[in-house]
Amino acid sequence: MPIRAFAKVDRVKTLVIAEKPSVARDLADALPGSFENNDTYLESEDTVITFAVGHLVELTDPEDYDERFKKWRMADLPIVPEEFRLRARDKKAEKQLKVIHKLLKRDDVDRIVNACDAGREGELIFAYIYETSGVDKPVERLWINSMTKTAIKDGFEKLRPGEQLRQLEAAARSRSEADWLVGMNATRAATIRGRAWVGGVVSLGRVQTPTLALMVKREREIQAFVPEPYWLVHAQFDPRYEGLWFEGEETRLKDGKRADVIAAKVSGAEGTVESVERKEQSERAPLLYDLTSLQRDANRRFGFSARRTLQAAQSLYEDKKAITYPRTNSRWLSGDLVSQLKPTAATLQPIPDYAEAARYVLGLQQLPLGRVVNDSKVTDHHAIIPTDVEHELGRFSPDERRIFDLVARRFLAVFHPPARYARTTIITLVEEERFRSRGKITLEAGWRGVYGLESDEDRKARQQEEDSENENESAELPPLEQGQSVKCVSAEVEAKETKPPPRYTEATLLSAMETAGKLIDDEELREAMKESGLGTPATRAETIETLIRREYIERAGKDLTPTPKGLQVISMLEEHPLTSPELTGDWEKRLTDIEHGADERGAFIKDIENFTRATVEKIAALDKEKLRPERVELGLCPRCGAETGEIIKENSKAYGCTSWKSREETGCGFVIWKRVAGRTLTPEIARQLLEEGKTKEVISGFRSRAGKPFRARLVLNGEGKVEFDFPARKETKEAAVAE
């Protein structure tokens with residue numbers, strides 16, 4: 001419906017419903033006519049614009065269906081409504097909902113435009129508002145990818161009939177009802193069954209529980225891990241280069257004595273360059289950002305939480321009009337955007353940081369679009385790119401500036417040629433022992449040139465991703481030839497230990513959620529897995545925050561770790577399908593299929609109802625022994641164990657001596673509390689304190705009483721109490737004294 005159709009005809013008006021007040025104001029600024037602000041809506045001669053404030057309406061609680069559900073009883077489960085009821089979220093929402101309902105019922109309003117965010121949740125927000133109003137008026141859909149005036153005007157020129165979005169609405173309703181059925185029933189069942197052991201409400205959910213299960217599985221792998229020693233042999237050669245001993249594909253020696261023998265044998269000995277292999281390799285620019293890949297990069301580079309990245313991106317989209325719609329699942333652009341690509345690059349050229357890269361893109365006669373444009377991979381929204389408007393960087397917050405920088409550089413980089421490298425591998429033979437040396441020279445920076453000199457943040461992020469077995473590629477190796485004689489100046493043995501798998505960061509957890517726990521590094525293969533991930537790009541950040549809010553996981557610096565409560569919840573549900581990332585990924589795939597008309601909403605909800613019944617039955621039948629928390633034993637008590645044989649054992653709040661029986665029989669009193677400065681100490685940390693008297697490394701994730709984060713090494717003092725040691729502060733003080 002073109003804008004001209006809004007012309008006044010017998011005082012007939014069109015009602016536009018936006019998702020937020022700020023969006024309503026932007027729509028009024030872009031549409032023709034003068035709008036009067038009436039606080040809860042804006043009105044011109046032919047258009048009324050009002051707004052929700054996010055979700056105004058929600059599915060009602062069980063007690064709204066029947067008073068008896070106020071008491072949580074296993075006999076009443078599962079609760080499966082014949083028809084779901086809706087209600088306002090709270091008093092504030094109810095007030096605005098009444099305003100919208102009144103506007104919908106106005107006699108002079110004969111047409112409705114759904115202008116909520118163009119996605120599944122936006123569709124649900126509007127559908128619930130419209131359903132609760134009881135009106136039956138024609139609905140059209142505004143579907144835009146950016147909030148610029150041009151995009152808004154174009155969107156109103158190309159309004160879509162509401163009927164076209166019925167399948168998206170069906171997927172949105174199905175997601176909402178599935179979450180209610182599984183979450184409400186499983187939470188009640190688990191709370192009733194496990195209250196005595198877990199304490200409080202045991203909140204379970206369709207997405208949050210398998211996400212927690214991923215983290216608990218990793219934590220168990222870490223706790224069960226037994227480090228094994230190994231040794232590396234490094235050699236220094238003349239002319240100057242280094243080599244790492246290897247045999248077959250193995251660089252690690254499991255026998256320290258053999259390592260010493262090799263080092264002694266080759267030190268000072270003559271050697272020969274056995275082979276020199278030089279290869280040219282290229283590296284293509286990464287794909288454009290979707291929300292999840294943007295959140296991963298911001299976490300790796302800046303330590304941003306997924307929510308913090310989303311908030312900055314949403315503000316850049318809504319308030320600054322600087323980037324396109326961020327809650328997207330696609331890393332490609334549609335063909336109709338090709339004509340806008342150079343104008344978009346032109347808006348970046350005046351910004352010094354991007355001027356050179358933008359000039360390159362603008363100078364191309366034909367843009368390379370092979371990894372940029374693909375209509376088949378764009379559904380609701382295309383990849384995140386800058387908008388083609390002037391960007392006022394001075395208005396950006398520090399967070400917004402960093403997120404915009406990621407989006408702008410990625411957009412420019414994707415049109416640059418691959419980076420080209422010359423990689424050299426040299427094998428040196430000394431006393432029948434082989435050493436490998438690797439070198440890498442950049443022949444052509446290509447897309448990497450868009451990022452300029454590598455920052456400390458970028459280098460750290462890259463080193464974490466590319467960490468190899470101390471076989472770092474030197475920038476350049478000397479010009480050696482096969483058969484050339486060299487001398488091993490010296491050889492050193494480095495003693496190391498195998499490391500447990502790393503804990504999840506938000507970046508790696510987002511990756512795991514995207515692929516339902518499957519380890520996939522390849523960018524294109526990851527793309528193919530998206531429809532079967534845990535949650536959606538728009539909901540993953542909130543899932544992580546929900547787990548933190550419910551004290552199932554906590555942040556420890558950049559790491560995310562399950563709390564004892566989180567560990568116990570998954571132990572209680574061991575092997576239950578609700579903990580399966582694959583099952584929940586399959587559900588997410590079905591929701592996507594419903595959205596595209598390839599699955600039936602009724603069949604999906606029926607399967608969810610059956611799953612809910614099975615879940616309640618399984619939780620109700622849990623063995624009491626299954627509900628008992630797993631408690632680790634850490635060895636003899638350092639205070640009384642030598643005489644009494646008492647040990648240190650985990651309980652709900654501490655790692656304490658088993659000599660404690662009650663307040664009257666306190667025993668020796670040795671205890672290491674689990675919560676220290678806002679962080680939970682894992683059994684691994686407690687074991688280090690008992691065995692070494694201190695932690696091996698400086699630990700992140702502590703918070704002062706004022707709420708400020710800090711890092712420190714933990715030390716067990718002579719009285720058996722945990723204290724903080726700040727090595728960084730000592731180094732600073734020593735440097736100051738030296739000066």
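1. Two cavities of 30 Å³ or more are present in the structure, a cavity being a set of points on a 1 Å grid over the protein atoms alone where a 1.4 Å probe fits but cannot get out, with lining residues having an atom within 4 Å of a point. This is a predicted model, in which local features need pLDDT of at least 70 and side-chain atom pairs count only at pLDDT 80 or more, while totals for chains, interfaces and linings use all residues. Residues are numbered from 1 along each chain as its sequence is written, and side-chain values use heavy atoms, with hydrogens and water left out.

2. The largest cavity holds about 90 Å³ of space, and of its 14 lining residues P562, L567, T680, T682 and P683 are the closest to its centre. The lining of this largest cavity comprises six nonpolar, five polar and three charged residues.

3. The second largest cavity, of about 80 Å³, has a lining that includes V23, A115, D117, R141 and Y317; by class, that lining has nine nonpolar, no polar and two charged residues.

How values were computed. 1 Å grid on protein atoms, 1.4 Å probe; cavity = no way out; pocket = protein on both sides within 12 Å on 5 of 7 lines; lining within 4 Å. Points joined across faces, edges and corners; volume = space filled by probe spheres on them. Nonpolar A, V, L, I, M, F, W, Y, C, P; charged D, E, K, R; others polar.
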